[in-house]
Amino acid sequence: MILAFSYDNEFTQLQGINTRLFSVALMVLIAVGIVISMRSVGIILVIALVSIPAYCSEIFTASLGKMMFWASVISCGAMLGGITIAYYYDLQAGASIVMVLALFSFVLAFYHYFLNSKMRLT
């Protein structure tokens, strides 16, 4: 349903789904998630946590569903790695998570663009 709503709002509406209610619910959930995240790590880190995993997953998949799945996996891995690094080296957790994400995205982009141009998992 999210896929249909995201791509073609009119088609979803023609299928009998209340798109206004779904749109409001989706925006409220996104807003609550961002507000909770901002209180804990700050706006710049939230933007990085939202955009870098999406970029990384877009490099090796073309499907929206797979992109969302891999972005979640990348986010969870980066959070675990960043928190572990922050714990052992006495650093800020949010900054460590973003540094892990940035390092992962640079390595992934380098590998994709320079070493292997056919890395898609379609």
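**Entry 1: α4 against α6**

I started with α4 and α6, whose crossing is left-handed. A crossing is left-handed if the near helix is turned anticlockwise from the far one by less than a right angle, and right-handed if clockwise. Before going on I noted the ground rules. This is a predicted model, where local features need pLDDT of at least 70 and side-chain atom pairs count only at pLDDT 80 or more, while totals for chains, interfaces and linings use all residues. Residues are numbered from 1 along each chain as its sequence is written, and side-chain values use heavy atoms, with hydrogens and water left out.

I took helices as DSSP runs (H or I, at least four residues), numbered from the N terminus. The axes of α4 and α6 are 10 Å apart, at an angle of about 25°. Axes here are lines fitted to C-alpha atoms, for helices over the stretch in contact, and angles run from 0 to 180 degrees between N-to-C directions. The two helices α4 and α6 are therefore roughly parallel to each other. The cut-offs are under 35 degrees for roughly parallel, over 145 for roughly antiparallel, 65 to 115 for roughly perpendicular, and oblique for the rest.

I then listed the contact, meaning heavy atoms within 4.5 Å. On the α4 side I found Leu45, Ala48, Leu49, Ile52, Pro53, Tyr55, Cys56, Ile59 and Phe60. They meet residues of α6 including Gly94, Ala95, Ile97, Val98, Leu101 and Phe104. The residues of this α4 and α6 contact divide into 18 nonpolar, 3 polar and no charged.

**Entry 2: α4 against α5**

Next I looked at α4 (residues 43-60) with α5. Their axes come within 8 Å and cross at roughly 125°. That makes α4 oblique to α5. The crossing of α4 and α5 is right-handed. From α4, the contact takes Leu49, Pro53, Ala54, Cys56, Ser57, Glu58 and Phe60. From α5, it takes Met67, Trp70, Ala71, Ile74 and Ser75. I sorted the residues of the α4 and α5 contact into 9 nonpolar, 2 polar and 1 charged.

**Entry 3: α5 against α6**

Helix α5 covers residues 64-89 and helix α6 residues 93-115. They pack at an angle of about 125°, with axes 7 Å apart. That makes α5 oblique to α6. I read the passage of α5 over α6 as a right-handed crossing. On α5 the contact is made by Ile74, Ala78, Met79, Gly81, Gly82, Ile83, Ile85 and Ala86. On α6 it is made by Ala93, Ser96, Ile97, Val100, Leu101 and Phe104. This contact of α5 with α6 splits into 11 nonpolar, 3 polar and no charged residues.

I picked out Ser96 in α6. At 5% relative accessibility, Ser96 counts as buried. The classes are buried under 20% relative accessible area, exposed over 50% and partly exposed in between, with a 1.4 Å probe and protein chains only. Leaving out residues up to four places away in sequence, Ser96 touches Gly82, Ile85, Ala86 and Leu91.

**Entry 4: the cysteines**

How many disulfides does the rule give? The count comes to 0 disulfides, where a disulfide is a pair of cysteine sulfur atoms within 2.5 Å. The sulfur of Cys56 is 14 Å from the closest cysteine sulfur, in Cys76, too far for a bond. Cys56 is buried, with a relative accessible area of 0%.

**Entry 5: single residues**

I checked Asp90 in the loop between α5 and α6. Its phi is near 55°, a positive value in a residue other than glycine. Most residues other than glycine have a negative phi. Asp90 is exposed, at 72% relative accessible area.

Leu80 is in helix α5. It counts as exposed, at 61% relative accessibility. I put its C-alpha 9.9 Å from that of Ala93, 13 residues apart along the chain.

Gly77 is also in helix α5. It is partly exposed, at 42% relative accessible area. Gly77 and Val100 are 23 residues apart in sequence and 9.1 Å apart in space, C-alpha to C-alpha.

Last, I looked up Met38 in helix α3 (residues 19-41). Met38 is partly exposed, at 37% relative accessibility. With residues up to four places away in sequence not counted, Met38 touches Ile43 and Val46.

Methods. Ala, Val, Leu, Ile, Met, Phe, Trp, Tyr, Cys and Pro count as nonpolar, Asp, Glu, Lys and Arg as charged, and the others, Gly among them, as polar.
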